[in-house]
Amino acid sequence: MSPVVQWKAVIPVIPLWSRAQQQDYRSRVRGCLLGGAIGDALGAGIEFDALDKIRSDHGPDGVTGFVTAYGRRGAVTDDTQMSLFTVDGLIRAHVRQGSGAGWHPPTDVHHAYLRWAATQHDWGPDERRRDLGWLGREEWLYARRAPGSACLSGLSGPDAERLGTVAAPKNPHSKGCGTVMRAAPFGLLLGWEPGLVFQLAVECSVLTHGHPTGYLSAGALAVIVHAVLRGGAVEEGVELALALLAERPGHEETAAALRGALAAVRAGEPSAERVASLGEGWVAEEALAIGVYCALVAEDVRTGLLLAVNHSGDSDSTGTVCGNLLGAVHGETALPAEWVAELEGRGTVLQLADDLVLELSHGAELHGPGAGPAWRERYPVG
Ligand SMILES: [Mg+2]
């Protein structure tokens, strides 16, 4: 059986950090979210193209930078949109807990994903809604960028408001990569135990995808990001993820995919063909394996990300996963400047990254006794 977490009993204690630790943390959080968005944008224009077509359209090396997608260079897709709403939900969970209004993070993330779903069917922010907060009022997010079908169906229709659980998930047979491509932010909860990070990513995946491989792949990515954020190497994160996976029923496909990524590293020089040996990335365990493999063999952020997107498959999602990892490893200053500069939504990504860090490190000052209303207006919790 999967463990059942009584969230009320596991309120994390936020550590008191030195200023240097806070700066390192902020750089990695920014790096993780910006890196993911950059990987997403690099893959956005070639998401549905086979490698042969990518090479004939863009040259023998495939894409070497942003290409036009959705009417501009540097456009991001649903992967980045949903990752931002994951962060919004996590911030609100902490605001709610700090306000004494309860603590059940999957519920706050569910509500955040419902606000993302509104961006997929509304023309723009519904100003009558008081729950949108600042992220839900960002007009540029109201754009459809090839959203995944399980993400849409799990968050719409008469069953939209029901909280999917591991015992009764939404879309029980779905294991599309829509879980893993939005899961890196769970790994940013620095003060948490790794097992709890894993569990939260799982519980927030079953909001849309119920196949074990779908939700366990998300748990694995979150744990790897978390390990890296705490100063570990990607390999250490993979080993920790494999240990946590071993305790879960239905882990075989996910564990095999991660082991396949490690074996591909040992097999020789990185290449698009070796990426292809790991799959195409449309399903969660393949997107995880490709993103992890490319992060492991990356000489630097640029070559790792280009390897992660130039293949026949779900280039934006594999780029997102790889970018999340490389950004968390190296921090924001290691990201190629011209890609950061041209990225759609850069200001939003950075503000949200900084807000997460502020909430986790100084939440009591922002919404505790005596605090003004500004933070609660940004992150209303009812
Ligand atoms: Mg996408």
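Trainee: Is Asp-316 buried or exposed?

Mentor: This is a predicted model, in which local features need pLDDT of at least 70, side-chain atom pairs count only at pLDDT 80 or more, and totals for chains, interfaces and linings use all residues. Residues are numbered from 1 along each chain as its sequence is written, and side-chain values use heavy atoms, with hydrogens and water left out. Buried means under 20% relative accessible area, exposed over 50% and partly exposed in between (1.4 Å probe, protein chains only). Asp-316 has 0% relative accessibility, so Asp-316 counts as buried.

Trainee: Which residues coordinate the magnesium ion?

Mentor: Donors are N, O and S atoms within 2.8 Å of the metal (3.2 Å for Na, K and Ca); water is not among the atoms, so sites may look incomplete. The donor residues are spaced T-D-D-x236-D in sequence. At 2.0 to 2.4 Å, the ion is coordinated by Thr-77 (OG1), Asp-78 (OD), Asp-79 (OD) and Asp-316 (OD).

Trainee: How many residues apart are Asp-78 and Asp-316?

Mentor: Helices are DSSP runs (H or I, at least four residues), as are strands (E, at least two), numbered from the N terminus. Asp-78 lies in helix α3 (residues 78-98) and Asp-316 in helix α13 (residues 315-330), so the pair links distant parts of the chain. The separation is 238 residues.

Trainee: Is Asp-78 buried or exposed?

Mentor: The relative accessibility of Asp-78 is 5%. Asp-78 therefore counts as buried.

Trainee: Where is Gly-232?

Mentor: Gly-232 is partly exposed, at a relative accessible area of 22%. Its place is the loop between α7 (212-229) and α8 (234-245).
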